[in-house]
Amino acid sequence: MHFSDTHLGNREYMMDAREDDFYESFNEAIDIAIEERVDFIVHSGDLFDTWGPSNRALSELKDSMVRLREKNIRTYMVMGDHDRPRRIDYPAASIFDFLGLILLGAEDVEYKLMEDDTLIAGISNMKGSRREKLPGLYAKADQLAKEHRNSILISHQGVSGYTHPEDVQIQEIDLPGSFAYLAFGHVHVSAYRERPRPLPMPDPRR
C-alpha cells in the first residue's frame, strides 16, 4: 500500500478541526491497510507537517504504528521536505523504528530486501545544495533495481511534468527506468503514468 504527504499536525487555517481531519485521514489509511491485510506500507514523505512535530502528532503516529505492528505490517518511508531537520538532529520518525517504521535514504540510496527478493529502495527529499546529488542517486538506484525482479523506489521530489516549474527538483528523464514501481510524494494531487515510467503520487486528502 502506498500513500504520502499526510502532514500530521497540520493546523490548516489555524483550525483544530483541520488538524483533526489530517489525523482522521491518516487513520483511515491505516484501517484500510489492516482490513486489506497488506504485506507492507510505503510512505513517500512529509509524514509530519514540520520537522519538530507536536506531542499529539507523535502520539497519533505511535498509536497507528502499534496497530500495524500487531498485524506484522511494516512501513517503509523517506523524508519529505517537511520532515528533514533544519539543524543536525534525528528525524522525528526515526524514533519509531522499534515499531516497524523504517526510514530510508536520508543522505544516500538505502534499501531493504524482502523475503521474496523484492527490493524497496528510498531516496529522501534533497533540497538546497543536496539537489545536485539527485541524478547520481537515481542512477545508483537504477543499477540496484536491475539486480532484482521486483523493485520499488520511494522518493519525495518535485518532478518535471507533475508540478509547477519553480518547484521542479528533478527532470523526469533522470528518473530510473528499471523499477517496477516509483512511489513518489510531494505533489498534492493524484497522478499515475503507466510504464515505462510509472510515477504514482497519491492525494492524502482523497
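**Reading charges and salt bridges**

Biologist: Does Arg56 count as buried or partly exposed, and at what relative accessibility?

Modeller: Arg56 counts as partly exposed because its relative accessibility is 37%, which falls between the cut-offs of 20% and 50%. Keep in mind that this is a predicted model.

Biologist: With which residue does Glu60 form a salt bridge?

Modeller: The partner of Glu60 is Arg56, with 3.6 Å between the closest N and O atoms. The limit for such a pair is 4 Å. Glu60 and Arg56 are about one helical turn apart, because four residues separate them in helix H2 (residues 55–70).

Biologist: Which residue forms a salt bridge with Arg18?

Modeller: Asp21 does, and the closest N and O atoms are 2.7 Å apart. Both Arg18 and Asp21 belong to helix H1, three residues apart, or about one turn of the helix. Asp21 has a relative accessible area of 31%, so Asp21 is partly exposed.

Biologist: Is Glu19 buried or exposed?

Modeller: Glu19 is buried, because its relative accessibility is 8%. Glu19 pairs with Arg11 in a salt bridge, where the closest N and O atoms lie 3.6 Å apart. Arg11, at 30% relative accessibility, is therefore partly exposed.

Biologist: How many salt bridges are there by this rule?

Modeller: The count is 13 salt bridges. Arg84, Glu107, Arg130 and Lys133 are joined by salt bridges into a network.

Biologist: Which residues form a negative surface patch?

Modeller: Asp39, Glu115, Asp116 and Asp117 make up such a patch. Asp39 sits in the loop that runs between helix H1 (16–35) and strand S2 (40–43). With 64% relative accessibility, Asp39 is therefore classed as exposed.

Note on methods
Residues numbered from 1 in each chain as written. Predicted model: local features only at pLDDT ≥ 70, side-chain atom pairs only at ≥ 80, totals over all residues. Heavy atoms only, no water. Patch = residues over 30% accessible without salt bridge, like charges linked within 9 Å, V, L, I, M, F, W, Y side chains within 5 Å. Areas by Shrake-Rupley, 256 points an atom, 1.4 Å probe, with all protein chains shown as cover. Salt bridge = Lys/Arg side-chain N within 4 Å of Asp/Glu carboxyl O. Lys, Arg positive; Asp, Glu negative; His and termini not counted. Charge placed at Lys NZ, Arg CZ, Asp CG, Glu CD. Helix = DSSP H or I, 4+ residues; strand = E, 2+ residues; numbered from the N terminus. Buried < 20%, exposed > 50% of the residue type's maximum accessible area, 1.4 Å probe, protein only.
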